[in-house]
Amino acid sequence: MTTTTTLQDLYPTRGASEVVTPRRDPVVWGPLTPELESFERDGFLAVDQLIAPDEVEVYRAELDRLIADPAIRADERSIIEPKSQDVRSVFEVHRISDVFAKLVRDERVVGRAREILGSDVYVHQSRINVKPGFGASGFYWHSDFETWHAEDGLPRMRTVSVSIALTENHDTNGGLMIMPGSHRTFLGCAGETPKDNYKKSLQMQDAGTPSDEALTKFADEHGIRLFTGRAGSATWFDCNAMHGSGDNITPFPRSNVFIVFNSVENTAVEPFSAPVPRPDYIGARDFTPVR
Ligand code: 6CS
Ligand code: FE
């Protein structure tokens, strides 16, 4: 007789109404070293220079090469800006680009992810966000974990993202904003996940969007921190940190590479609140640890 253990859903979301659940998982799963204390408290850690200026040039050139390639532009892993028709994002760059694959394996990157998650890790998702100037749209407030739990089937909050700036992140060109401390509260959103939601949500998220009341309460309680930094700077942030970014109407692109590491102890199961899982180039189903 086969028994299928259906994992208990610790973080209900996308039901009839919004529901708040206190975080039931550690933030730092490995030893809490002094430099991780602020990550544990705030849900993020800013790094002035994760990669050196000469290295940034290599990754910038690779981003430019990818978005100029018609085959990449036509690929389903590319998301196109609705208005300008520029490339907005390219997913799974750690698989389609040896240059970005090398970045993922860099000890300064994967080593930190292992420290935070306290285990071997694999890449749940990677993407380059081009965010060109002259009107590139931002990403409305959301918790990544809310989507990765609902649609990709990640059971626990044992996932960390790093956003590495490939161009200068000014305080004017649509930088990342995070609510410090918001990672300790899970906001289950109201509204079911439509079928094939990802086809729209990666341009403009709808399902999984917090209400104005909830956002106001979060912002009053936690405040909002805007991240700026030179190319090569980086922001590590917890999967459940409430974050977003504004449109970029300046002439200065705000491009980054975004890598999501998940613990090999937290591999994706069936979606907790969606009819079908998202494609594996958005939510990986290959759990091979990064070596
Ligand atoms: O849905 C996702 O997985 C992606 N969407 C956003 C806005 N942030 C996380 C992730 O890249
Ligand atoms: Fe996000």
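Student: Where do helix 5 and helix 6 stand relative to each other, in distance and angle?
Tutor: The axes of helix 5 (residues 98–105) and helix 6 (residues 107–117) come within 5 Å and cross at roughly 45°. Axes here are lines fitted to C-alpha atoms, for helices over the stretch in contact, with angles from 0 to 180 degrees between N-to-C directions. Helices (H or I, at least four residues) and strands (E, at least two) are DSSP runs numbered from the N terminus.

Student: Which residues make the contact?
Tutor: Leu103, Val104 and Arg105 from helix 5, with Glu107, Val109 and Val110 from helix 6. Contact means heavy atoms within 4.5 Å.

Student: Is this model predicted or experimental?
Tutor: The model is predicted: local features need pLDDT of at least 70, side-chain atom pairs count only at pLDDT 80 or more, and totals for chains, interfaces and linings use all residues. Residues are numbered from 1 along each chain as its sequence is written, chains are lettered from A and ligands numbered from 1 in the order written, and side-chain values use heavy atoms, leaving out hydrogens and water.

Student: What about Asp106, buried or exposed?
Tutor: Asp106 has 19% relative accessibility, so it counts as buried. Buried is under 20% relative accessible area, exposed over 50%, partly exposed in between (1.4 Å probe, protein chains only). Asp106 lies in the loop between helix 5 and helix 6, and beyond its neighbours within four places in sequence it contacts Glu55 and Gly111.

Student: New topic. What coordinates the iron ion (ligand 2)?
Tutor: His142 (NE2), Asp144 (OD) and His243 (NE2), at 2.1 to 2.3 Å. Donors are N, O and S atoms within 2.8 Å of the metal (3.2 Å for Na, K and Ca); water is not among the atoms, so sites may look incomplete. Along the chain the donors follow the spacing H-x1-D-x98-H.

Student: Are His142 and Asp144 buried or exposed?
Tutor: Both His142 and Asp144 are buried.

Student: And Ser143, where is that?
Tutor: Ser143 is in strand 6 (residues 139–143). Not counting residues up to four places away in sequence, Ser143 touches Cys239, Asn240, Ala241 and Met242.

Student: Last one: what is the phi of Arg14, and of Glu92?
Tutor: Arg14 has a positive phi of about 65°, and Glu92 a positive phi of about 55°. Most residues other than glycine have a negative phi.
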